[in-house]
Amino acid sequence: MKLKSNIDYKKFLASVRRCKGEVYYDTVEGDRLNLKSTLSEYLFATAAITSDIIEDGGVVCQLEEDYALLADFVEA
């Protein structure tokens, strides 16, 4: 699922931490960041600030139920 524009990334990542399963951010280049990993979280935050790579990728939840926790941040 694509991220909505102009989201609060701090709140988004806090919601990711509440998810039961893994949450990934897939880039169009084929990279996959595990957003529950601290290192990947920093990479994601840096990319969100410095490039438009975030606009082109998508969020993938390991567990379907976790999408409900991220509903405010992703497009349906």
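Biologist: How do the residues lining the largest pocket divide by class?
Modeller: Four nonpolar, three polar and five charged. Ala, Val, Leu, Ile, Met, Phe, Trp, Tyr, Cys and Pro count as nonpolar, Asp, Glu, Lys and Arg as charged, the others, Gly among them, as polar. This is a predicted model, and totals for linings use all residues, while local features need pLDDT of at least 70 and side-chain atom pairs 80 or more. Residues are numbered from 1 along each chain, and side-chain values use heavy atoms, without hydrogens and water.

Biologist: Which residues line that pocket?
Modeller: Among them are Lys-2, Lys-4, Tyr-9, Ala-48, Asp-52 and Glu-75. Lining means an atom within 4 Å of a pocket point.

Biologist: Switching topic. What angle do α1 and α2 pack at?
Modeller: About 155°, with axes 11 Å apart. They are therefore roughly antiparallel, which takes an angle over 145 degrees.

Biologist: Which residues meet there?
Modeller: Tyr-9, Phe-12, Leu-13 and Arg-17 in α1 meet Glu-41, Phe-44 and Ala-48 in α2. Contact means heavy atoms within 4.5 Å.

Methods:
Axes fitted to C-alpha atoms, helices over the stretch in contact; angles between N-to-C directions. Helix = DSSP H or I, 4+ residues; strand = E, 2+ residues; numbered from the N terminus. Parallel < 35°, antiparallel > 145°, perpendicular 65-115°, else oblique. 1 Å grid on protein atoms, 1.4 Å probe; cavity = no way out; pocket = protein on both sides within 12 Å on 5 of 7 lines; lining within 4 Å.
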